[in-house]
Amino acid sequence: MTSGPASREKDRIRTLCSGRPTGQRVRLGVYDLMTGTFATSRTFYYREALDADALQESLVRTLADHPLLTGRLRRDADGGLSVLCDDAGAVFRVSRSDRAMPDYGPELSAKKDLRHYLHSVNAFRVVDHDTPLLTVQVTHMRGGGSVLGVSINHSIVDGGGFVDFLLRWSRIHRGLEPGAPAPHDRTPLEEMAAGTRAAAEDPQYTLVSGRRKFGFLWRVNAGARRVPTLTTRFSSEEVLALRETAAAGLAGEGIEVSSGDALTAQVWRVLAALRDRPPESTERLGLVVGLRGALKEQYPEGFWGNAVSNITATLPTRVLREEPAERAVAAVREALNRVTPERIREETAYLEAQRRAGRVRRVLSRMSLDSFEDTVGMNNVSRLPVYQVEFGSGRPFWFEYPSIPIPWNVLVTPTPQDDYSRDVHVSLPLAAADVLRTPEWHRRLHALAPSH
């Protein structure tokens, strides 16, 4: 079994290197800089045991085409970041648990157990330190089954690229053709915005003082324990009923309605009612959006990095509470239609200007800043094939991600059935979460469920 030329073992932990140090310094893009330098993690739960030795070997082969994953973060002179592709290595850990595999799912969250399934690093000693950007842990459960926990520094990849890497690893592991290596050059996006004059303000991002940024982060961290995440499953019948109802209400208006639009609008309407702000208030919905589709001419196919931004839909509180659901659906679709190459070019020019001025670390998303006041954050990743991450011992029966400490945030994910059913994970302040748990509010959320 090959672990790379610089492999070492300590307490069943190995540093895996690809054996291909390029010495290249890859300058990260402005969207990479919006994520911070914390890790983003996923855990996958398998009924059958994973072969850890074979996983280690196939991971080494996969890392050969992902030089950023074995590199180290370095600070640039303008405050930006680069990855030095020196092949310093990724961490691979094998652990054993004295617990039997819990029956995780919508009714039993794995969040409280994640610390046992993930190999963590010091999040405050990443830049300009010898801290790995990828850690993998395989945990074998008593009586059978394994958990695969993967953490990647968020500054080098978004959720789509994260899953693409796992799928490539799984194909290599099973002896399948993995396809072309993922391109990671960020310069095409910079070149696209080079001729655009940066505006003084941007509708989605804002420059804050160091004091305001510290206050926001302190508020998030101080309240994290009081922001539980509730998970509820919308069946495929329910999701399709939401779409058909919205399409009927918008017939003749020339608006294409997707199931994602309809589900997003339903959750937004219920959370707006739960928030119980005055009728004349404005409700905002921050929508996380992928940029690869709109920028397919700029981003190479399979681009590996952060290509995610956000857009905002707005409606009066009264409209969300009292008017038909199609008003909210139309607002969601209108916002998503604003994600155009021209809009992204303007946004990128603004962010690039802040980096050139050395201010990029003081740029924050308005969607996050306003979450404590009037904004619901929505990230629909239901098209990511997370349940296809398969390593020869069957598909995972569940996957999990860490809690979101920012309140009024929603993540929509696929289900193991790989149909139109969706798992909706809602992170709320404790008091609001207690209300949403009640039968009355459950019925409001699932108003079109067949059982209702």
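Me: Which residues of α10 are the buried ones?
Reply: They are E326, A328, V329, A331, V332, R333 and A335. Buried means under 20% relative accessible area, with exposed over 50% and partly exposed in between (1.4 Å probe, protein chains only). Please note that this is a predicted model, where local features need pLDDT of at least 70, side-chain atom pairs count only at pLDDT 80 or more, and totals for chains, interfaces and linings use all residues. Residues are numbered from 1 along each chain as its sequence is written, and side-chain values use heavy atoms, leaving out hydrogens and water.

Me: What do the buried residues of α10 pack against?
Reply: Their partners are α7 (236-249), α8 (259-275), β12 (282-290), β13 (308-316) and α9 (317-322). Contact here means heavy atoms within 4.5 Å. Helices (H or I, at least four residues) and strands (E, at least two) are DSSP runs, numbered from the N terminus.

Me: Why are α7 and α8 called roughly perpendicular?
Reply: Their axes cross at roughly 95° and come within 8 Å. Axes are lines fitted to C-alpha atoms, for helices over the stretch in contact, with angles from 0 to 180 degrees between N-to-C directions. Angles of 65 to 115 degrees count as roughly perpendicular, under 35 as roughly parallel, over 145 as roughly antiparallel and the rest as oblique. The two helices α7 and α8 are therefore roughly perpendicular to each other.

Me: Which residues of α7 and α8 meet?
Reply: V239, L242 and R243 in α7 meet S259, A262, L263 and Q266 in α8.
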